[in-house]
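Me: I am new to this structure and would like to go through it by question and answer. Please show it first.

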Amino acid sequence: MDPGENRLVIVTGAGSGIGRATAVRLARSGFSCVLVGRNKGPLDETAEWIGGIGGSAYPVSADVATIEGREDVLLATEATRERLYGLVNNVGDSNISPLLSQDVEAWRENMVLNLESAAFLSFEVIRRVGEGQGGSIVNVASVYGKVALNNRYYDDRLPARTSYGPVRDVSYAASKGGLRMLSKELAVAAAQMGVRVNTVSPGMIDVGKLDQDGIDRLSDATPMGRMGCPEEIAGVINFLLSTEASFVTGAEIVVDGGWTAW
């Protein structure tokens, strides 16, 4: 059992994919988890899964892109009466559209969800954790916060030529790049409070949203010849939250099967 036993971690976007896999992995290491997402049903499923392996989970239906939603998460965390130890800022979404037809409201909503929510939830967690025995924050960014998207890997789903320019995911990339820098800034600022902040940047991860053709294309574009799975990201997040990473802060671990290496 990890020394994290009886420590509480908030996991956003915990209803599916990387968030669910992370919460389950943390539960196996002895952490309790506050499961955060907009939809209650998937959170309850994650909680049931964790309960099945003897772990503790507290589902909280909230929109962390809003001040009220973040307040709900913090209130629910306090209500558990467990000591808050960490935060995994995993929630995020895409905003795919032709380059020259970007909608400003959609852009702002995407930036708020992917970046602003992580920043302001982190501020509050640092405030609480820093007053105690220290803790850890992990921000889930993306390889697309490091390198630009190549339309050829996505064929007709993201065409490189339209009457409004190539179809891109510009606000997503900008927000994930910002999230990487946010981690470094918070790592330095919170170090004196005993709070570590790190980044995990996944590559192409199969979360069940692609058809076989899409899987094959992204697998062929990856040096390891396959897409990753959510559990492979969860294992790295678990490490960064554990005491085995007690001298690791301001770091980024890229989990991409070599995607950014060539």
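Me: Is Cys229 buried, exposed or partly exposed?

Reply: This is a predicted model, and the values below are computed from it. A residue counts as buried under 20% relative accessible area and as exposed over 50%. Cys229 has a relative accessible area of 28%, so Cys229 is partly exposed.

Me: How many disulfides does the structure hold?

Reply: A disulfide needs two cysteine sulfur atoms within 2.5 Å. The closest cysteine sulfur to that of Cys33 is in Cys229, 18 Å away, which is too far for a bond. Cys229 is likewise in no disulfide. The number of disulfides is zero.

Me: Is Cys33 buried or exposed?

Reply: The limit for a buried residue is under 20% relative accessible area. The relative accessible area of Cys33 is 0%, so Cys33 is buried.

Me: What distance does helix α4 reach from its first C-alpha to its last?

Reply: Helix α4 runs over residues 104-130 and has 27 residues. At 1.5 Å a residue, 39 Å is expected. The helix comes close to that, with a reach of 37 Å.

Me: Where is the kink in α4 centred?

Reply: The helix α4 bends by about 40 degrees.

Me: Which elements do the buried residues of α4 pack against?

Reply: The buried residues of α4 include Asn110, Leu113, Ser117, Leu121 and Val125. An α-helix has 3.6 residues a turn, so residues three or four places apart point the same way. The packing partners of the buried residues in α4 are β1 (7-12), α3 (67-79), β4 (83-89), β6 (135-140), α5 (170-190) and β8 (195-202).

Me: Which residue has a side-chain oxygen that reaches the backbone nitrogen of Glu105?

Reply: The contact is at the start of α4. The oxygen comes to within 3.2 Å of the nitrogen, and the residue that supplies this oxygen is Asp103.

Me: How many residues are in the largest nonpolar core?

Reply: Residues with the most contacts inside this core are Val9, Leu26, Leu35, Val88, Val200, Ile237 and Leu241. Elements that each supply at least two residues include β1, α1 (17-28), β2 (32-37) and α7 (230-241). Apart from this core lies another, of 26 residues, with Leu8, Val64, Leu121 and Val197 among them. The largest core has 27 residues.

Me: Which residues does Thr22 touch, not counting residues up to four places away in sequence?

Reply: Thr22 belongs to helix α1. Its relative accessible area is 1%, so Thr22 is buried. Beyond its neighbours up to four places away in sequence, Thr22 touches Val88, Ala234 and Ile237.

Me: Which elements do the buried residues of α7 pack against?

Reply: Helix α7 has 12 residues and reaches 17 Å, close to the 16 Å expected. Its buried residues are Pro230, Ile233, Ala234, Val236, Ile237, Asn238, Leu240 and Leu241. They pack against β1, α1, β4, β6, β8 and β9 (252-255).

Me: Which side chain makes a polar contact with the side chain of Arg38?

Reply: Arg38 lies in the loop between β2 and α2. At a relative accessible area of 52%, Arg38 is exposed, because the limit is over 50%. Setting aside residues up to four places away in sequence, Arg38 touches Ser61, Ala62, Asp63, Ala65 and Leu113. The polar contact, at 3.3 Å, is with Asp63.

Me: Is Val34 buried or exposed?

Reply: Val34 is found in strand β2. Leaving aside neighbours within four places in sequence, Val34 is in contact with Leu8, Val9, Ile10, Val11, Tyr58, Val60 and Thr77. Its relative accessibility is 0%, so Val34 counts as buried.

Me: What is the phi of Arg81 near?

Reply: Most residues other than glycine have a negative phi. Arg81, in the loop between α3 and β4, is a residue other than glycine with a positive value. With 79% relative accessibility, Arg81 counts as exposed. The phi of Arg81 is near 65 degrees.

Me: Where is Asp155 placed?

Reply: Phi of Asp155 is also positive, near 50 degrees. At 32% relative accessibility, Asp155 counts as partly exposed. Asp155 is placed in the loop between β6 and β7 (167-168).

Conventions. Residues numbered from 1 in each chain as written. Predicted model: local features only at pLDDT ≥ 70, side-chain atom pairs only at ≥ 80, totals over all residues. Heavy atoms only, no water. Buried < 20%, exposed > 50% of the residue type's maximum accessible area, 1.4 Å probe, protein only. Helix = DSSP H or I, 4+ residues; strand = E, 2+ residues; numbered from the N terminus. Expected span 1.5 Å × (residues − 1). Bend = angle between axes of the 7 residues up to and from the residue. Contact = heavy atoms within 4.5 Å. Polar contact = N/O pair within 3.5 Å; in protein donor to acceptor, adjacent residues only side chain to side chain. Core = buried A, V, L, I, M, F, W, Y, C linked by side-chain atoms within 4.5 Å.
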